[in-house]
Amino acid sequence: MSALHTLQATNNRLQADMRKIQRKVINEAVQFRREKHALESSLKAQQSHNAKINDAMKQQNVKSKESISQLKTSIRTTQDNLQKQYQKQQDDFNERLKKQSENFTKNLAIQEESFRLSLDTQNDGLNRYMEAEAEQRQNMIYELSSYTDNHLSQMRTEYTEIAQRQQFQINEVKSDIHRIFEQQHKSAELAIDSLKDLEAYIHSLLNDQGRLVKSDYERFKPGRLGNITSRIESARRMLESNNAQAAIANIEVIHNSLIDLEFDVMQEKSKFDNEYALTILAYEYLMESARQNEIIALKGDADLKLDEWTNGKYKVIFDKINNIKLKIEEGYRELTIKDLENLQKDKDGLSDELKEVINEGINRVLSSQQRKDMAVRIARVLQGYHFEPEIAGYDKKDEKESYMVGTARTADDTKVTVTIIPNETTFENTIAINTDQPNYLRTLDADHRTNAIINSLQEANIEVSNKQSLPAHEAAMMNCYDSIEGKGIPKAVLERVKSISR
Amino acid sequence: MMDDLLNIASYQPHVTNLGPGKRFVIWLQGCPFDCKNCMSQDWIPFEVANLIKVDDLINEVIQTKDIEGITLSGGEPMMQAAMLTLFLSAVKRHRPTLTVICFTGFKLKQLEWNAAKQLLLQLDVLISGLYVDSLNDNKGLRGSSNQEVIFLTDKLIEHKKAFNSGARQLEVIVANRDIFITGMPAQGIDLKEI
């Protein structure tokens with residue numbers, strides 16, 4: 001029963017669903033028909049509308065054709081009218097031109113007539129004026145003629161008196177000229193003699209027959225001799241144009257100039273010779289000084305060979321000085337006073353350089369000897385702690401290098417190496433004590449040993465400026481930290497920083 | 001010729017709580033200050049800790065991937081300013097994007113010596129001033145509220161809030177047989193107990 005009910009219920013639901021579907025299909029069919037009808041109505045309306053548009057377009061075409069025809073007619077009419085208007089304007093213009101031309105001709109005739117009448121009137125007035133003027137002018141000529149006659153008569157009298165006075169003066173001048181001619185003759189002779197003397201003098205200068213040679217003039221006062229001698233030509237021309245006095249004056253000036261020049265050149269040459277001698281001497285002294293220091297005698301029998309102890313610097317400075325000296329000796333003819341002054345200044349620099357080289361050599365030798373002394377003293381101190389020397393000597397057997405002493409203590413099998421290292425700039429020696437035992441420098445003995453070494457060195461007047469007894473890695477650590485200075489940093493901090501600063 | 005060395009207490013390549021991102025942190029050995037309850041007592045003495053060649057440390061940083069920057073702490077980094085300047089300038093030539101944070105007990109105006117001035121040119125952020133335990137407010141990257149966070153460049157300016165008042169983290173790093181505790185501890189925490 002239950003299954004039947006279930007089946008019945010299912011059947012009812014299916015039938016209800018079928019009805020719903022049928023209603024839906026009917027509704028959709030009705031809807032479809034409505035839409036179809038609406039589309040057909042719309043199509044008809046559209047066709048009707050199109051037909052109306054076609055009619056309207058046909059009518060519009062007819063109207064357009066009519067309008068075009070009317071427009072063409074209108075254009076033709078307008079063209080005709082314009083042609084007529086143009087022709088009329090042309091005719092009017094020609095007519096006005098003709099009238100104006102006629103009027104102008106008439107006016108011209110009237111003006112000509114008027115001008116002619118005016119001219120006749122003026123001519124009459126002018127004639128009358130000119131007659132009166134001529135009469136007046138005639139009167140004036142008469143008066144002027146009378147005045148001129150009188151004036152000329154007076155002038156003639158005065159001129160006669162003046163001419164007489166001038167004749168007298170001319171006679172006096174003639175007498176003077178005669179005297180001058182006589183003097184000129186004597187001056188000319190004098191000028192010729194002076195010129196010959198001057199030419200002979202110049203000839204002697206140009207041919208190295210005087211106290212100086214020609215090249216001295218060019219070297220010490222270049223150009224001046226040429227300027228002076230060129231002025232002889234001018235004196236010669238003066239003589240040829242009978243200007244003997246001027247020629248003599250000119251020759252005197254030239255002569256004096258030559259004497260002045262000779263004096264100036266001699267002075268300059270003397271100054272040069274002095275400077276040259278001084279410069280040569282200075283370099284000779286410097287060379288001698290260098291030679292004397294090539295080997296320096298030390299205490300005992302030892303000698304310091306400077307070139308060896310300065311790594312060749314002595315040879316370099318010696319050659320430098322020698323080369324300059326040779327250049328000076330060969331350069332007597334080319335060098336100038338300025339060159340010599342510069343060479344003397346250079347000599348001062350070379351002298352300082354030589355001193356530095358000598359000092360370097362001495363300092364290096366002293367530093368080397370000190371290294372050995374220090375090493376021996378330190379070795380002795382270490383012996384007190386049972387470190388016996390095993391090896392000693394300069395590194396690479398070069399006395400300029402570090403001095404090393406190797407020691408060993410057999411009791412605890414500890415090796416200690418003392419190295420005295422030179423500073424190439426300050427020539428101070430640094431002591432480095434190294435060991436294969438890390439605790440060597442940390443034991444209580446370390447400070448004791450260090451103090452003993454310092455005391456021993458001080459006994460030999462060797463100043464110990466700084467001491468560090470640190471293992472190598474602690475010394476390296478010091479290089480990590482900055483040296484600090486600054487405002488406002490607490491004192492305690494600065495003190496702590498100082499204690500670890502390098 | 002002696003090598004350029006840094007005396008460092010320790011370093012860790014990937015620390016996340018001493019500045020933005022993962023950072024290569026270097027703790028320098030030696031500090032001239034005497035701050036009460038300093039968290040790094042062992043790193044105060046000026047004694048040899050780890051003498052590391054500057055060149056080696058440069059290579060170490062350059063080869064460490066995935067880091068945003070370097071943090072210098074200590075100890076007192078400014079005591080080794082000259083060597084740190086060498087180190088940072090070389091690192092930046094290879095890794096110019098890395099930022100640098102530095103903790104110091106000095107105030108900015110006290111950093112007058114040349115080496116310190118040179119080091120400042122390499123830094124992006126300076127956290128300056130002494131650690132004062134009583135002013136530890138448990139905030140930000142600075143240890144105590146008197147310390148000043150100074151942005152020397154604007155590269156890390158976006159993290160300003162985190163520097164001044166961000167939440168703190170402690171990071172425990174176990175490396176070989178050592179345990180490192182990094183970051184800013186809160187007041188009263190006994191790190192030795194941790």
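1. Rings of Phe, Tyr and Trp (its six-membered ring) count as a pair if their centres lie within 6.5 Å; planes under 30 degrees apart are stacked, over 60 edge-to-face, and the rest tilted. On that rule, ring pairs join Phe220(A), Phe272(A), Tyr276(A) and Tyr332(A) into a cluster. Over all chains the count is 12 aromatic pairs.

2. This is a predicted model, in which local features need pLDDT of at least 70 and side-chain atom pairs count only at pLDDT 80 or more, while totals for chains, interfaces and linings use all residues. Residues are numbered from 1 along each chain as its sequence is written, chains are lettered from A and ligands numbered from 1 in the order in which they are written, and side-chain values use heavy atoms, with hydrogens and water left out.

3. The interface: 26 residues of chain B are in contact (heavy atoms within 4.5 Å) with 20 residues of chain A. The two chains bury about 1,800 Å² between them, 66% of it on carbon and sulfur atoms; buried area is the accessible area (1.4 Å probe) that two parts lose on being put together, summed over both. In chain B, Phe46(B), Met79(B) and Trp113(B) lose the most area to chain A, together 30% of what that side buries.

4. By class, the side of chain B that touches chain A has 19 nonpolar, 5 polar and 2 charged residues. Ala, Val, Leu, Ile, Met, Phe, Trp, Tyr, Cys and Pro count as nonpolar, Asp, Glu, Lys and Arg as charged, and the others, Gly among them, as polar. Between chain B and chain A there are 0 salt bridges (a side-chain nitrogen of Lys or Arg within 4 Å of a carboxyl oxygen of Asp or Glu).

5. Within chain B, the rings of Phe33(B) and Phe106(B) have centres 4.8 Å apart and planes at 70°, so the pair is edge-to-face. Phe33(B) lies in the loop between β2 (23–28) and β3 (50–53) and Phe106(B) in the loop between β5 (99–104) and α3 (114–120), so the pair ties together parts 73 residues apart in sequence. Helices (H or I, at least four residues) and strands (E, at least two) are DSSP runs, numbered from the N terminus. Both Phe33(B) and Phe106(B) are buried (under 20% relative accessible area; exposed is over 50%, partly exposed in between; 1.4 Å probe, protein chains only).

6. Thr85(B) lies in helix α2 of chain B and, at 13% relative accessibility, counts as buried. Leaving aside neighbours within four places in sequence, Thr85(B) is in contact with Ala115(B), Gln118(B), Leu119(B) and Gln122(B).
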